[in-house]
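Visitor: Could you walk me through this model, starting with the terms you rely on?

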Amino acid sequence: MDHVSDQLLHADIYDLKRGYVEDPSLETYTCLICGHQTEKGVIYPDNGLLYDAEKSMRHHIKHKHDSMLDYLLSLDKKLTGLTDLQRKLIGLFNEGLSDQDIVAELDGGSTSTIRNHRFMLREKMKQAKLFLAVMELMEEGGKPSSRPGSAAPPKTISSALPGKLGERLPILKEENEKILSKYFIEGLNGRLQSFPKQEKRRVVILRHIAADFEEGRMYTEKEVNQLLEARYADHVTLRRLLIEYGFLDRLPDGSEYWVKQSEGKGKGIKDMKNQRRKELVNEYMNTPRPMGVLQIRNKENGKIYVTSGMNLPGVINGQKAKLSSDFHVSPSLQKDWKELGEEAFAFEILEELKPDPQAANDLSQQKIYTEKVKKMEEKWLEKLQPYGEKGYNRRPRGE
């Protein structure tokens, strides 16, 4: 099953659709797919353009992960409940293809069958909404009554949990002590015996281990690993979850870690973090991302697939992810990839466009570069004609 963050699994529909979540207390936006963060007040340059934090995050989602729809459809069907055919159809529906075009893409079937699939997917959406409402009502049924005269609810340690965890996971003090005693058999200062799957138990354990770190101190990754290894063998999982659940924070390059503090605390830490971010931004400005045209070449039969993008490494990663998850727009390329494996294909850059350094801060250049890359792709499509027996691209309509 695909590895997805707990933050993604517990995100609401609004955040899932846009692909990132906002933390108002820390003034940050976090990508639900890879954990990449942007911070309000920092300007992020990219290909000659300057973006604020949220727009930079949207740009990151688009160019690193293509789109949230592509990512969600690439997940294992055990997570989404969608069959392979349904995933492909949703992708084709999203492209705006007609029923006849979809029949041609699937090399079989009929338009009436496609219409029936559209209807069944809409029915599935209605059922999902009702099921979500039923489950939320079921969980709310276990909450203490708030009617006048009812007994006061037991005290919890919610206020000690970061972000919205306190609201979502109210933990009784007695429950907290019981969980810790179960998983720290040698005592609260001893090693963790095992790591539970239940989220509430995980949060109790993570909160306890987070107390090993001093507030106001910066830690290297090596120091973090040493502290966590003393608690549990799988320190990598602990470190990742301490970040995901908001107990620890770190710089984007992972060079420094620190305890997340409530609003109004840790001004010195925040200033250091901002300074380091500025240094990383300056470094990033001097390293423009390659843009241009590439081909995926079948080394056994010579057939090719031509595509382009504003971030070629991101395009290559995106194409591999789609092919590996059986979700590529080209059925013939997907078929050969599935039969021959990744080692039978070469990813080759046909032409690269390098931005003019003198225009690095010119906001009008992005559109110009996008148009140039598109024309470059059209030129290579015309030259190579990767259609039919020669390639995997779809012929332009009208030809």
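Guide: Gladly! Helices (H or I, at least four residues) and strands (E, at least two) are DSSP runs, numbered from the N terminus. This is a predicted model, where local features need pLDDT of at least 70, side-chain atom pairs count only at pLDDT 80 or more, and totals for chains, interfaces and linings use all residues. Residues are numbered from 1 along each chain as its sequence is written, and side-chain values use heavy atoms, with hydrogens and water left out.

Visitor: Where is Gln385 placed?

Guide: Phi of Gln385 is near 50°, a positive value in a residue other than glycine. Most residues other than glycine have a negative phi. As for its place, Gln385 lies in the segment after α17 (365-384).

Visitor: Is Gln385 buried, exposed or partly exposed?

Guide: Buried means under 20% relative accessible area, exposed over 50%, and partly exposed in between (1.4 Å probe, protein chains only). Gln385 has 26% relative accessibility, so it counts as partly exposed.

Visitor: Where is Asp66 placed?

Guide: Asp66 also has a positive phi, near 70°, and is a residue other than glycine. At 29% relative accessibility, Asp66 is partly exposed. Its place is the loop between α3 (53-65) and α4 (68-74).

Visitor: How are α11 and α13 oriented to each other?

Guide: Their axes (lines fitted to C-alpha atoms, for helices over the stretch in contact; angles run from 0 to 180 degrees between N-to-C directions) are 10 Å apart, and the helices pack at an angle of about 95°. Angles under 35 degrees count as roughly parallel, over 145 as roughly antiparallel, 65 to 115 as roughly perpendicular and the rest as oblique. α11 and α13 are therefore roughly perpendicular.
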